[in-house]
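Here is a short briefing on a structure with more than one topic to cover.

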Amino acid sequence: MAAKFDQNDDSVVVIVGSGAGGGTLGNELAQKGIKVVVLEAGKRLDFSDFINDEWPSFTQLAWTDMRTTSGSWRVHKNFPNLPAWIVKSVGGTTTHWAGASLRFQEHEFKEASTYGHIPGASLLDWPITLADLEPYYAKAEDKMRVTRTGDRAGLPGSNNFKVFEAGAKKLGYKEVHTGRMAINSTPGDGRVACHQTGFCFQGCKWGAKWSTLYTEIPKGEATGNMEVRPDSHVALVEHDASGKVTGVTYFDADGKLQRQKARIVAVAGNSLESPRLLLNSASSKFPDGLANSSGQVGRNYMRHTTGSVYAVFEQPVHMYRGTTMAGIMRDEARNDPSRGFVGGYELETLSLGLPFMAAFLNPGAWGREFTTALDGYSNMAGMWIVGEDMPQETNRITLSDQKDKWGLPVVDVHFDDHPNDVAMRNHAFGQGKAMYEAVGATRTFPTPPYPSTHNLGTNRMSANARDGVVNGYGQTHDIKNLFISDGSQFTTGGAENPTLTIVTLAIRQADYIADQMKSNTI
Amino acid sequence: MTATETTLAREGLSRRGFLQRSASGFAAAIAITSTGALLNVSEAWALDVKGLKPETMKTLILVARDIYPHDKVADRFYAIAMKGYDDKAAGNPAMKAEIEGFVAALDGAAGEGGYIGSPWEADRVALLKNQSADPMFETIRSGLVVSLYNQKEIWPIFGYEGESFSKGGYIERGFDDISWL
């Protein structure tokens, strides 16, 4: 039933990427009768192909093509060629994500106004508000079957959650529960309920967790309006003399350069690859890259202020049993500058298997201080910090002098923590440690940020074309038929895991694109 | 073959029956045969060494334990984690020189008896710290993170249960069985 479109068909919408943004946009457009070609750099798997084993799964799913890093962040030291832990596969990072689905708070759309001037930060208000997104958030939550929204029940609490919850309550925290998760708490949408298997990060072998791979994409294909081409690495977005984009070139599975014409191009390759594609598409007409008259393409890269706290107890926890991130404490998510920083953070349960715990607990460490921590693995509980980080113009994606196997410049990811990020992380480390010590932890560990899973902001939305790359619908200020459809649109990062907002923006963008096509504006 | 023998064979070690060792300690636990193999009598395994000097391979196994010491993890897991260097050295003279040079430097710094002859872990760790600027140290350490901890056979020692999908996940197998809170 999946469509097959001619490469010279210039009436199609080409979407680059099939994750939360691209996969959702593709289905939404296809449902409206619009013809869509989705180009995905990765291969196509079925959820039965996923592997309950961390390193082999990483090899199966992760984007491991060359990338470089710079800056003072620790990832540059420990993982110089792995700035981000994101996926190259049909479904993108929705195969790997944990499922936490939180709406942004109202003030997080107007941070420049709310926080005032923060030295070194390039804060800007979004051109849209929470009220603009609310109806679309509701649609996204229904689509993704998010627990604790609509009439959907929460997931049951695992051992790791019970430790987390008991500690949070001892500290007097109020908003503590098993999360708003895009994981079936009851069977629905043709998918089974969560079996508490663990391995959420390795792709859900039950299909209980929402991923575009087995929801949006097959639904879009079933309309007959959508074609997904895996193993298609987009090289350039092309344009005509008037400056309108006309299609893309891409390398197919055999390394052969192909061209797909298009009426509209929507780029959804995540906050690293999307700006890379715009920059690599520089031409004599657009010497600084496409949609870059503001000079903002690639800038304001955000990765959330993260970190983990692990604790060892006298008795077993077995934190790896059960849904990885079904546990949250939201009391610190508010903006309360009296804590010594603006913005807020969430604490969420987390666990890693032994192989990844060895790699990430304290990268580079050795000797007994490290190994005795791992000796306590079965008695360990864990949590993750997800907080807002300050956008900074100098945190940015640029083209590296290194090239990939097709000869295309790869990205360099430059990142330095802002003092606000450091203050927030230290506060969160302290609160996490206090939660665990309140229920008897004998030892706690502050774990530094992993390679980034939340990559945001490098093609940001702005009301004014000089301040950003896209408008409130993700349409580039410079080129009317070029859109950005992923987390790189985010003007600021908020304290919330970003996927729900990416999906929400994609649903809203699909309405806008359909309207614009209908009125022949584009 | 028994299950243990199968595992050893898959990992490139062979099981051999030998008399119980009489001496204690790592230096005595792993013997070097006249044909250049390493023998661990009490754990009943042997490792043929082809690319490196057998003494070097033996030292590397102790270096691995000193970098990531887990007292409940037997020598054979450290041997499995390190035997790749012997394979690499066999086909790569530059690699061989780098590894032999790293171990020779450790032995030189240790004085009489070399690294293995240094009886206390704290002293050997001090030797490793002094040698940690050598890129070979970081190669060995970072390699061990995968080659040691990704051996499924050691996961039960840490209480990690591994794959769970085929068992139906933990929904009926203790995901919420905590009783001490």
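Helix H9 (354-360) of chain A is part of what covers the buried residues of H2(A). This is a predicted model. The points below start with that burial.

**Burial in chain A**
- Helix H2 of chain A spans residues 54-61.
- Its buried residues are A:Glu54, A:Ser57, A:Phe58, A:Gln60 and A:Leu61.
- These residues lie on the same side of H2(A), because they cover an arc of only 160 degrees around the axis.
- The cover over them includes H9(A).

**Helix packing in chain B**
- Helix H3 (residues 54-67) of chain B packs against helix H5 (residues 93-110) of chain B.
- The angle is about 70 degrees, and the axes are 10 Å apart.
- H3(B) is therefore roughly perpendicular to H5(B), as angles of 65 to 115 degrees count as such.
- The crossing of H3(B) and H5(B) is left-handed.
- H3(B) brings B:Thr56, B:Thr59 and B:Leu60 to the contact. H5(B) meets them with B:Ile99, B:Glu100 and B:Val103.
- By class, this contact of H3(B) with H5(B) has three nonpolar, two polar and one charged residues.

**Contact between chains A and B**
- Chain B puts 28 residues into the contact, and chain A puts in 35 residues.
- On the chain B side, helix H8 (135-147) and helix H9 (155-158) each supply at least two residues.
- H8(B) gives the most to that side, with three residues.
- The side of chain B that touches chain A divides into 17 nonpolar, seven polar and four charged residues.

Terms used: Residues numbered from 1 in each chain as written. Chains lettered and ligands numbered in written order. Predicted model: local features only at pLDDT ≥ 70, side-chain atom pairs only at ≥ 80, totals over all residues. Axes fitted to C-alpha atoms, helices over the stretch in contact; angles between N-to-C directions. Helix = DSSP H or I, 4+ residues; strand = E, 2+ residues; numbered from the N terminus. Parallel < 35°, antiparallel > 145°, perpendicular 65-115°, else oblique. Left-handed = near helix turned anticlockwise from the far one by under 90°. Contact = placed C-beta atoms within 7 Å. Nonpolar A, V, L, I, M, F, W, Y, C, P; charged D, E, K, R; others polar. Buried ≥ 20, exposed ≤ 12 C-beta atoms within 10 Å, placed from the backbone. Arc of directions from axis to C-beta.
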